[in-house]
Amino acid sequence: MKWFKRLRWPSASDGQEAAESALRRAKAARKEAEERHPAVTEAAGALRAARQENHFAARFRASIEGRSA
C-alpha cells in the first residue's frame, strides 16, 4: 500500500497557497485604492487650498503687525 501513496499528485504547498492568498489580497487592495483615487485627489486639493489660504492669512497678519513672515 505504501507505493500507492507515492502515486498521488502532489498538492499545492502551504507556501504556494499563502502566496496565492497574498496576491489575491494585494489585487483587491489595489482595486480599492484605484476606486478611492478621485475622492482622495479631491480631498488633497481642498487641503492644499486651505493651507494656501492659511499661509496668505498669516503673511497678511504679520504685515499688519509689522513683522516679517
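This is a predicted model: local features need pLDDT of at least 70, side-chain atom pairs count only at pLDDT 80 or more; totals for chains, interfaces and linings use all residues.

Visitor: Let's start with the overall picture. What does the secondary structure of the chain come to?
Guide: The chain has 2 helices and 0 strands. Buried residues make up 1% of its 69 residues. The accessible surface is about 6,900 Å², and 58% of that belongs to carbon and sulfur atoms.

Visitor: What makes the contact of E34 and R30 a salt bridge?
Guide: The cut-off is a side-chain nitrogen within 4 Å of a carboxyl oxygen. For E34 and R30 the N to O distance is 3.0 Å, so the pair qualifies. These residues are 4 apart in helix α2, which means that about one helical turn separates them.

Visitor: How many salt bridges does the structure hold?
Guide: There are 2. R36 also forms one with E32, where the closest N and O atoms are 2.9 Å apart. That value is within 4 Å, so the term applies here too. R36 and E32 are likewise separated by about one helical turn, because they are 4 residues apart in helix α2.

Visitor: Why is R30 called exposed, but R36 partly exposed?
Guide: Exposed means over 50% relative accessible area, buried means under 20%, and partly exposed is in between. R30 has 59%, so R30 counts as exposed. R36 has 43%, so R36 falls in between and is partly exposed. E32, at 45%, is partly exposed as well.

Visitor: Which residues make the nonpolar surface patch?
Guide: F56, F60 and I64 make the patch, with an area of about 370 Å². To join a patch, a residue needs over 30% relative accessible area. F56 has 59%, F60 has 48% and I64 has 58%, so each passes that cut-off. By the exposure terms, F56 is exposed, F60 is partly exposed and I64 is exposed. I64 has its place in helix α2, which covers residues 14–65.

Visitor: How many aromatic pairs does the structure hold?
Guide: The structure holds 1 aromatic pair. F56 and F60 form it, and the pair is stacked.

Visitor: How do you know that F56 and F60 are a stacked pair?
Guide: A pair of aromatic rings is described by the distance of the centres and the angle of the planes. The ring centres of F56 and F60 are 6.4 Å apart, within the 6.5 Å cut-off, so they count as a pair. Their planes are 20° apart, which is under 30 degrees, so the pair is stacked. Both residues lie in helix α2, 4 residues apart, about one turn of the helix.

Visitor: Where does the kink in α2 lie?
Guide: The kink is at H37, shortly before the proline P38, and comes to about 45°. As for what comes after the helix, α2 is followed by G66, whose phi is positive, near 85°.

Notes. Residues are numbered from 1 along each chain as its sequence is written. Side-chain values use heavy atoms; hydrogens and water are left out. Patches are made of residues with over 30% relative accessible area and no salt bridge: like charges are joined within 9 Å, nonpolar side chains (Val, Leu, Ile, Met, Phe, Trp, Tyr) within 5 Å. Accessible areas come from the Shrake-Rupley method with a 1.4 Å probe; for residues, only the protein chains shown count as cover. Buried means under 20% relative accessible area, exposed over 50%, partly exposed in between (1.4 Å probe, protein chains only). Rings of Phe, Tyr and Trp (its six-membered ring) pair if their centres lie within 6.5 Å; planes under 30 degrees apart count as stacked, over 60 as edge-to-face and the rest as tilted. The bend at a residue is the angle between axes fitted to the seven residues ending there and the seven starting there.
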